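Let's take a walk through a protein model together. Have the sequence and the 3D view ready, and follow along one stop at a time.

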Amino acid sequence: MKKINFSAGPAILPASVLTQAAAAVENLDGSGLSILEISHRSDAFDAVLVEAEQLVRELLNVGDEYGVLFLSGGASTQFFFTAMNLLNPEETAGYLDTGSWSAKAIKEAKNFGKVNIIASSKESNYDHIPRGYTVPDGLKYVHLTSNNTIFGTQFKEWPETDAPLVADMSSDIFSRRIPLEKFGIIYAGAQKNLGPAGATLVIVRKDLLGKVNRTLPSMLDYRVHIDGGSTYNTPPVYPIYVMMLTLRWIKAQGGLEGMEKHNERKAKLLYEEIDRNPKFRGTVADDFSRSQMNVTFVCTDEADTAAFQAAAEAAGCDGITGHRSVGGFRASIYNSMPYEGVETLVRVMREFE
Ligand code: PMP
């Protein structure tokens, strides 16, 4: 039986993307070569890179003032890369502390400049997105994690500030429309909404670069990668190829508007069941903070946990165990999760009741 993959990441990909990705391992578009063995400087791969970048630009409405990069190192590398490229030692960046990934970004940024924690939900184990905070003036940038994969929270409103936003969108990129003009840098590890692990998408406003006094190693300088068209060194060829296929799929589903509707519908179905079913309780209280990508919940009676896990697994629902720091369950319902997958989980919850 094909399982329904609710894993937080690496995560589900569209079935049609997997079929095409598998075929390209043997023979890329009839070229007689595998995608795994072609040169990153070949015409065939150049076409992949060009199309992937063009799709990113088209879907998110990204203008020429931004560079679009496909790098390696994961989102975790971007925690320091962003600060290293933007922040001088005497300057201050604002950070919103909304989960473990934000905390890691904060830790790395402190190595390069001053950090002002504008708001934090740490005291309640990151169970909500802070509200009612004021962003001070004079910040170099404001960093946030748009979707907190572990805790199941997501920003629905963006901080009010004139400073450029720097956002870790690893777990909700391309899931909804965003006001791109507010963002100085967007970065995302591929392994949730984009493709397999190994590639990191970075969208960076070029005018923010070249303003730090430190010497940047070439591989850690966004300008070098922009000038090199993401081929300064050998990029993760296969993950970028699968990312390109996924971006084509997103476009065919109606782009970000289509994704937004699809994701809202799935999240509504699941949250309504969690709120209705006396056997379960959501760990995030309200829609202001609730993530449409990672839905976290527990059994009202903890003693039910193992039995529900077994019932879900018997129905083919894989990867719903919550992160160890939250416990309970986490259903990750990224872009590629079909509505029917969520229907199956909801059916199991009803039968369990
Ligand atoms: N940020 C978020 C929001 C994440 O969910 C993750 C986990 N994939 C990371 C950062 C770390 O990403 P990576 O493993 O690509 O470094």
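**The ligand and its surroundings**

Start at Thr 149, where a polar side-chain atom lies 2.5 Å from an oxygen atom of the ligand. That is a polar contact, meaning a pair of N or O atoms within 3.5 Å; within protein, one must be able to donate a hydrogen and the other to accept it, and residues adjacent in sequence count only if both atoms are side-chain atoms. Gln 191 also has a polar side-chain atom 3.0 Å from an oxygen atom of the ligand, while Lys 192 places one 3.0 Å from a nitrogen atom of the ligand. Taken alone, the ligand exposes 390 Å², and the protein buries 86% of that (accessible areas by the Shrake-Rupley method with a 1.4 Å probe).

A word about the model: it is predicted, so local features need pLDDT of at least 70 and side-chain atom pairs count only at pLDDT 80 or more, while totals for chains, interfaces and linings use all residues. Residues are numbered from 1 along each chain as its sequence is written, and side-chain values use heavy atoms, leaving out hydrogens and water.

Now look at Lys 192 again. You will find Lys 192 in the loop between strand S9 (183-189) and strand S10 (200-205); strands are DSSP runs of E, at least two residues, numbered from the N terminus. Is Lys 192 buried or exposed? Lys 192 counts as buried because its relative accessibility is 11%, and buried means under 20% relative accessible area (1.4 Å probe, protein chains only). The side chain of Lys 192 also has a polar atom 3.1 Å from the backbone oxygen of Ala 8.

Terms used: Helices (H or I, at least four residues) and strands (E, at least two) are DSSP runs, numbered from the N terminus. Buried means under 20% relative accessible area, exposed over 50%, partly exposed in between (1.4 Å probe, protein chains only).
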